[in-house]
Amino acid sequence: MRISQDFAPTGPDAATAARRRPARGRAAAALTAAVAFALVLTGCGGGSNAAPKSASAKSSGDADRVEPLAGAPAPRLPVTVDSADGKKVTIDSTDRIVPLTGSLSEIVFTLGFGKQVVARDITATFEQAEKLPVVTRAHDVSAESVLSLKPTIVLADTTTGPSEAIDQIRDAGIPLLVVEPAKGLSDVGRRIDTVAEALGVPSAGTELKERTEKRIADVQKSIPDHTDGKKPRVAFLYLRGSASVYLLGGAESGASSLLEAAGAVDAGKESGLDKDFTAITSEALAKAAPDAILLMTKGFESVGGMDGLVKIPGIAETPAGMDRRVVTVDDGVLLNYGPRTDRVLTEIVEQLYAKGGKGQ
């Protein structure tokens, strides 16, 4: 189970995966259920001492908006594309589009198809999509809601569910394309290309992919040299205080690629955690020994900000806890791995290497 940016309010990918994958014993089942429950919470409580947001205009200032390509798209249809679930899908109209994850919505809007999108998944939290009708209940797609909007194409990914809803939409004759989810930076271009091809605008996909990759590369050029020769160790924690969910990310959490692109070491992964998440323990944190902690903003708030964070067993004893050093990024964009990933990387770099920080 990988906790994606699609928490609820942006996380159906992870919760659906939690339902579908077999639990590893009673403890694993309980942990999976706790995470799935936490992901459907739309409110995570408030707290003080929130981490300062980046001053970059292209990071926090515009974090709730997408930036479409210039010019209106001119689709060349029909097209037949391969769906990730092994089916061939023919699309002959993009007049009414329903993306069923926030990350897919982001790509569709950025390609310039915002006016054709007629609904959203609960995970699409950016400004241009917020007034659209929602066609999911918690993490489940409502086939009836989707069909009532008469879509000409539906976009899903391999963790969208339940499977009965997907079948019902297809049985109604609606073209439904399943896309492989993103796990890291290397998946950004692939997903953009896949969506652009399905919408009949492959050249726009190439343009968006190149724009995104260039911006990511530009952010990486801004990373300062490490004067002590050591990269900062950063632990990704998934927290939902209101649901008592406290997890330490490992190699499959989805954050490793971002941290490594930011010139840091994923402390959980480097300490030997080769899966997605493990329950936080003092022993695991001591082994990870993070210099900083990466958090989703709502997760940070849900434990009461910094004062609450250091009360979690083991946090205060880490270098990050002693220095009260955290990096926070909005939940709805952190693990999106799409057209706004450069903004995410900018926020991480600016906060991690703030003047006087250990990275300099």
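## Strands β12 and β13

Two strands pair if DSSP finds at least two bridges between them. Strand β12 (residues 292-296) and β13 meet that test, pairing in the parallel sense over 4 bridges. Across this pairing, isoleucine 293 stands opposite valine 326 in β13. Helices (H or I, at least four residues) and strands (E, at least two) are DSSP runs, numbered from the N terminus.

In a regular strand the side chains alternate between the two faces of the sheet. Strand β13 (residues 326-329) sends Val326 and Thr328 one way and Val327 and Val329 the other way. These residues are all buried, where buried means under 20% relative accessible area, exposed over 50% and partly exposed in between (1.4 Å probe, protein chains only).

## What the model is

A word on the basis before we go on: this is a predicted model, in which local features need pLDDT of at least 70 and side-chain atom pairs count only at pLDDT 80 or more, while totals for chains, interfaces and linings use all residues. Residues are numbered from 1 along each chain as its sequence is written, and side-chain values use heavy atoms, with hydrogens and water left out.

The protein chain holds 14 helices and 13 strands. Of its 360 residues, 56% are buried. Contact means heavy atoms within 4.5 Å. Among the contacts with a separation of 6 or more, 69% link residues 24 or more positions apart.

## The open sheet and its helices

Next comes an open sheet of 3 strands in the order β3-β6-β7, with parallel pairing. The edges belong to β3 (97-99) and β7 (176-179), each with a single partner strand, so one side of each has no neighbour in the sheet. From one strand to the next, the twist averages 15 degrees. β3 and strand β6 (residues 153-157) pair over 3 bridges, and proline 99 has leucine 155 of β6 as its bridge partner.

Helix α3 packs on this sheet, touching β3, β6 and β7, and its direction makes about 145 degrees with that of β3. Helix α5 (residues 163-171) lies across β6 and β7, running at about 145 degrees to β7. For these angles, axes are lines fitted to C-alpha atoms, for helices over the stretch in contact, and angles run from 0 to 180 degrees between N-to-C directions.

## Where α3 meets α7

The axes of helix α3 (residues 102-113) and helix α7 (residues 202-221) come within 10 Å and cross at roughly 110 degrees. The two helices are therefore roughly perpendicular to each other (65 to 115 degrees; under 35 is roughly parallel, over 145 roughly antiparallel and the rest oblique).

From α3, the contact draws on Ile107, Thr110 and Leu111, and from α7 on Ala204, Gly205, Leu208 and Arg211.

## Two residues to look up

Alanine 129 sits in the loop between α3 and β4 (136-137). Its relative accessibility is 0%, so alanine 129 counts as buried. Leaving aside neighbours within four places in sequence, alanine 129 is in contact with Phe109, Arg120 and Ala124. Valine 117 is 12 residues from alanine 129 in sequence and 8.4 Å away in space, C-alpha to C-alpha.

Lysine 287 belongs to helix α10 (residues 282-288). Lysine 287 counts as exposed because its relative accessibility is 58%. With neighbours within four places in sequence again set aside, lysine 287 is in contact with Arg233 and Ser271.
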